[in-house]
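Please review the following briefing together with the sequence and the structure.

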Amino acid sequence: MSEPRLQSTHAGAPQSSAAARIGRRRRRAARSLLAPLALLAILLGAWELYADAGTASSFVLPAPHEVASSLWNNAGFIAGNLVPTAEEVVLGIALALVLGFALAVLIHFSDTLRRAVYPLAVGSQALPIAVIAPLLVFWWGFGMLPKLAVIVLICFFPVLVTTVDGLGRIERDQLKLLRTLDASRWQAFRFAELPAALPAAISGARIALAVGVIGAYIAESQTITSGAHAGLGHEINADLAVLQTPRAYAAALVLFALAIACFYALTLAERALAPWAAQPGGETP
Amino acid sequence: MPSTITHPPAPPAGGRVGGLAIALRDVAHTFTDRRGSPVPALAGVSLQARHGEVLALVGPSGCGKTTLLELICGLQAPQRGAIECEPAVLMPQRDLLLAWLSAVDNAALALRIAHVPRVRARNRAAALFAQLGLDGFEHSHPAELSGGMRQRVAFARTLLSGKPVLCLDEPFGALDAITRAEMQDWLASALASEPRTVVLVTHDVEEAIVLADRVLVLSPRPGRVVGELAVSAPRPRARTDGAVVALRERALELLARARCNTTGPA
């Protein structure tokens, strides 16, 4: 038995086509937002129900409405703390991308460097930040520099690994072809290896971005900061110490949003930098 | 025996036919496979090609044809024997176009490598596009082109390298039968208007006879030249021409005999 079909009425008057196109685009945008918003609503609802049931005290788990009102009441304070943290994240990740990429290129060109540097780079990821934090503060004081160093240390690695792999993945036949076209080593790099590695490098940058925000939190936790607005990580630790849990949650929510915003900003950058690598129908912010 | 590769001075401009463009004397080469064991690829190959001659090499899969082309292009030095050859450019079986460059930029790659400014390189490549039946696709990216069109872009890239010798390694092997036949006709006319010395490697005997002035038959690995056929039929040649069909039978006979001789006693 066939289901009754909706008869589409002919609305195809030419003057309405532009409006129809805009309407279609809006509907598509609304549909792509529907799933993430629905999931968010379900998670928030479950959280609210669990918190209201009262099994965990508000010091341990504040309800979403408490977090929301804390965010609203402390908006200026949290925004003031967001500024240094966002600066650390953006600058730190930018430095990490440059360092990771530059190291990858050096390693790609020199086997000696690869053997010397790669194990140390891997080992650096096991280094507890608390061990080197006092030295960083001793060198660079209470400002932003020691925090940047921590973020760079945490974030350069994914870029390094993915870029090294990407640079090495070019086909040998491709390099042979370039040689018969008289390409120098540098030209083979510039025309083939570098663009071929770009999508992998951007994947590394995505991972770096996602861990960069937690890197900023670790950096702020492990170093000392002077000034009224010491950063969201610092604020979270201070709030938790005095049982201001809702405000700590509000600040954590802002970090959460910051990571998502950074991630999708990079997706947009990828489309401009390496459009050949962007899959059709890939993530849309 | 010492191995030598020498590049004689380029012939006077005008691309006149005559004189040797390629000369191989008793070239032998062994490569090491992935497991580290030696694989003899060529066992004493001697061949010559005149300027403007289209030389086809046919043989069973794995008869060292690709190694031979890499030696001619100077990608490897022969372990034995001597190669005298004008500068040669390789056109591999797979087009190996760069996905991030437009068709015209892919074709102009050799010019960009030779430090020709971008706009001038593009203009020179675009001028060739009309001739190759690619006009209108200058700014398409490789993923948007059909297999036959990509192969034509790869051929434009090969031509624009400006090298006098073209080494074509099964250039149409990856195409379907209909496209391949079209591309063979197309290559024949392209070479008629733009004569070059060509070494065409193929396992398609018919393709060799339709396109070449001379067909060399290679034995299974390690490759040797076991037969030579001169193709004097007038161009353009159809696959159904009596002369083409007769030559194809002879070439297949030579190939079959070469296979028996090497696999028999071993």
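In this predicted model, the contact between the chains takes 14 residues from chain A and 14 residues from chain B; two residues are in contact if their C-beta atoms, placed from the backbone, lie within 7 Å. Local features need pLDDT of at least 70 and side-chain atom pairs count only at pLDDT 80 or more, while totals for chains, interfaces and linings use all residues. Residues are numbered from 1 along each chain as its sequence is written, and chains are lettered from A and ligands numbered from 1 in the order in which they are written.

**Chain A side of the contact**
- Helix 7 (172-180) and helix 8 (185-222) of chain A each supply at least two residues of the side that touches chain B; helices (H or I, at least four residues) and strands (E, at least two) are DSSP runs, numbered from the N terminus.
- Helix 7 of chain A provides the largest share of this side, 6 residues.
- By class, the side of chain A that touches chain B has 7 nonpolar, 3 polar and 4 charged residues. Here Ala, Val, Leu, Ile, Met, Phe, Trp, Tyr, Cys and Pro count as nonpolar, Asp, Glu, Lys and Arg as charged, and the others, Gly among them, as polar.

**Domains of chain B**
- Chain B is divided into domain 1 (1-8 + 15-87 + 165-266) and domain 2 (97-162), with bounds from an automatic or database domain assignment.
- The centres of the two domains of chain B, taken over C-alpha atoms, are separated by 26 Å.
- In chain B, 10 residues of domain 1 are in contact with 6 residues of domain 2.
- Helix 6 (residues 177-193) of chain B gives the most to the domain 1 side of this contact, with 4 residues.
- That side of domain 1 of chain B has 7 nonpolar, 1 polar and 2 charged residues.

**Sheet of chain B**
- An open sheet of mixed pairing is formed by 6 strands of chain B in the order 6-7-8-4-9-10; two strands pair if DSSP finds at least two bridges between them.
- Strand 6 (88-91) and strand 10 (225-230) of chain B each have a single partner strand, so one side of each is left without a neighbour in the sheet.
- Strand 6 of chain B runs parallel to strand 7 (residues 165-169) of chain B, and 4 bridges join them.
- B:Ala88 stands opposite B:Val165 in strand 7 of chain B.

**Helix 5 of chain A**
- The 12 residues of helix 5 (residues 129-140) of chain A should span 16 Å at 1.5 Å a residue, and the end C-alpha atoms are 15 Å apart, which agrees; the expected span is 1.5 Å times one less than the number of residues.
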